[in-house]
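Please keep the model in view while reading.

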Amino acid sequence: MFAREHIEYKALDLPDRADLTDEEMLSQAREFYDTMKRRHTVRHFSDRPVARDVIEKCIATAGTAPSGANHQPWHFVAISDPEIKRQIRLAAEEEERKFYEGAGGDEWLKALEPLGTNEDKPHLEKAPWLIVIFAQRWGHFDDGTRFKNYYVPESTGIASGILLTALHLAGLVSLTHTPNPMKFLTQLLGRPDHEKPIMIVAVGHPSADAKIPKVAKLKKPLTEIMTLLE
């Protein structure tokens, strides 16, 4: 992507500019808040397929995220192949069994009880798509030499959030899954060693009888998540 001889600063006029009134800004903010309040983490998926074009566009949207030095240190592997999804499920459940048998520690396991989770992960096969997000420790110039990436966790985290938002706005539901360790994903998906898997996102439509944990509706009030200094 990057060429050594083209690394220099050039200024462009801002190509896109919003020009909203104060009332329009507040209206947009409220509308987006109301939309995102309807986003739910779902573990129960239907068999309804999702077109590849939709997944591609959502990932392309995630790729617009800001990143350290604009190095865009992420890679997304989108999987619909049933056999690969089955292998991911088997490997993930093996790690999850260790976790729920005690490796996670009593405090962590207790914290998960209201969510009703366990080592069984059928959604990894049921969901029509899995998107595995990788963070890249370094990148390569066009001549193959290596360069360091910066703020990799922060940059990839922002891109992941934008991906979840794009999926929601496309009418889909998702579930983030982080088995630990996740090295099996690097090997199974044939990714290079400088990429670290950070998350599996199951994507699709909710089943007719989909449920969510009641506790998931409990969100901290604004007074607890914001400090205002004027």
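Accessible areas come from the Shrake-Rupley method with a 1.4 Å probe, and for residues only the protein chains shown count as cover. On that basis the chain exposes about 15200 Å², of which carbon and sulfur atoms supply 53%. The model is predicted: local features need pLDDT of at least 70, side-chain atom pairs count only at pLDDT 80 or more, and totals for chains, interfaces and linings use all residues. Residues are numbered from 1 along each chain as its sequence is written, and side-chain values use heavy atoms, with hydrogens and water left out.

Along the principal axes, the C-alpha atoms occupy a box of roughly 55 × 50 × 40 Å. The secondary structure comprises eight helices and six strands, where helices (H or I, at least four residues) and strands (E, at least two) are DSSP runs numbered from the N terminus. Of the 230 residues, 36% are buried, that is, under 20% relative accessible area with a 1.4 Å probe, protein chains only. Among contacts (heavy atoms within 4.5 Å) with a separation of 6 or more, 80% join residues 24 or more positions apart.

Helix α6 covers residues 152–169. Its 18 residues reach 26 Å from the first C-alpha to the last, close to the expected 26 Å, which is 1.5 Å times one less than the number of residues. The buried residues of α6 include V152, A159, L163 and L167. Just after α6, G171 adopts a positive phi of about 85 degrees.

Conventions: Buried < 20%, exposed > 50% of the residue type's maximum accessible area, 1.4 Å probe, protein only.
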